[in-house]
Amino acid sequence: MPLYEFHCLNCDTEFEELVFSQTELPPCPHCSSRNTEKLISRPCRNRQSSGSALDIPSMSSQPSGGCAGCSGGSCATCGH
């Protein structure tokens with residue numbers, strides 16, 4: 001059962017929930033509204049590189065302009 005992050009569009013609260021299906025949108029624990037949306041989570045990365053092909057590069061290795069989707073300037077995806 002995966003843990004997903006959600007955002008309440010009513011009260012602007014972000015929360016995490018364990019859900020059974022990918023389409024389930026749980027109510028907000030703060031205001032009980034069902035007006036919620038699933039957020040895209042950033043993958044977790046092991047800080048000690050093992051040198052394997054599965055290592056995810058750190059966000060600091062991104063070009064100074066940011067990720068391809070934002071071109072820099074306060075991007076929530078890459079942190080630039």
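**View 1. The hairpin of β1 and β2.** In this hairpin, 5 residues lie between the strands, and Asp12 among the residues of the hairpin adopts a positive phi near 65°. The model shown here and in the other views is predicted. Strand β1 covers residues 3-8 and strand β2 covers residues 14-18; the two run antiparallel and are joined by 5 bridges. His7 has Glu14 of β2 as its bridge partner. Phe6 is likewise bridged to β2, where its partner is Phe15.

**View 2. The pairing of β1 with β3.** Strand β3 is made up of residues 36-38, and 3 bridges connect it to β1 in an antiparallel arrangement. Opposite Cys8 stands Thr36 of β3.

**View 3. The aromatic cluster.** Tyr4, Phe6 and Phe15 make up one aromatic cluster. A pair of aromatic rings is described by the distance of the centres and the angle of the planes. The count of aromatic pairs comes to 2. For Tyr4 and Phe6, the ring centres are 6.5 Å apart and the planes stand at 65°; an angle over 60 degrees counts as edge-to-face, so this pair is edge-to-face. For Phe6 and Phe15, the centres are 5.7 Å apart with the planes at 25°; an angle under 30 degrees counts as stacked, so this pair is stacked. Phe6 thus takes part in the edge-to-face pair with Tyr4 and in the stacked pair with Phe15.

View 4. Buried means under 20% relative accessible area. Tyr4 has a relative accessible area of 16% and is therefore buried. Phe6 is buried with a value of 0%, and Phe15 is buried with a value of 8%.

**View 5. The largest nonpolar core.** This core has 6 residues, namely Tyr4, Phe6, Cys8, Phe15, Val19 and Cys28. Strand β1 supplies the largest share of the core, 3 residues. The core includes the three residues of the aromatic cluster, Tyr4, Phe6 and Phe15.

**View 6. Surroundings of Cys8.** Leaving aside residues up to four places away in sequence, Cys8 touches Thr13, Phe15, Cys28, Cys31, Ser33, Asn35 and Thr36. Among these contacts, Phe15 and Cys28 belong, with Cys8, to the largest nonpolar core. Thr36, also in the list of contacts, is the residue of β3 that stands opposite Cys8.

**View 7. Lys38 and Thr23.** Lys38 lies over the face of Tyr4, at 4.1 Å from the ring centre. Thr23 is located in the loop between β2 and β3. With a relative accessibility of 70%, Thr23 counts as exposed. The C-alpha atoms of Thr23 and Lys38 are 9.0 Å apart in space, while the two residues are 15 residues apart in sequence.

Note on methods
Residues numbered from 1 in each chain as written. Predicted model: local features only at pLDDT ≥ 70, side-chain atom pairs only at ≥ 80, totals over all residues. Heavy atoms only, no water. Pairing = 2+ DSSP bridges. Helix = DSSP H or I, 4+ residues; strand = E, 2+ residues; numbered from the N terminus. Phe/Tyr/Trp six-rings, centres within 6.5 Å; stacked < 30°, edge-to-face > 60°. Buried < 20%, exposed > 50% of the residue type's maximum accessible area, 1.4 Å probe, protein only. Lys NZ or Arg CZ within 6 Å of the ring centre and 35° of its normal. Core = buried A, V, L, I, M, F, W, Y, C linked by side-chain atoms within 4.5 Å. Contact = heavy atoms within 4.5 Å.
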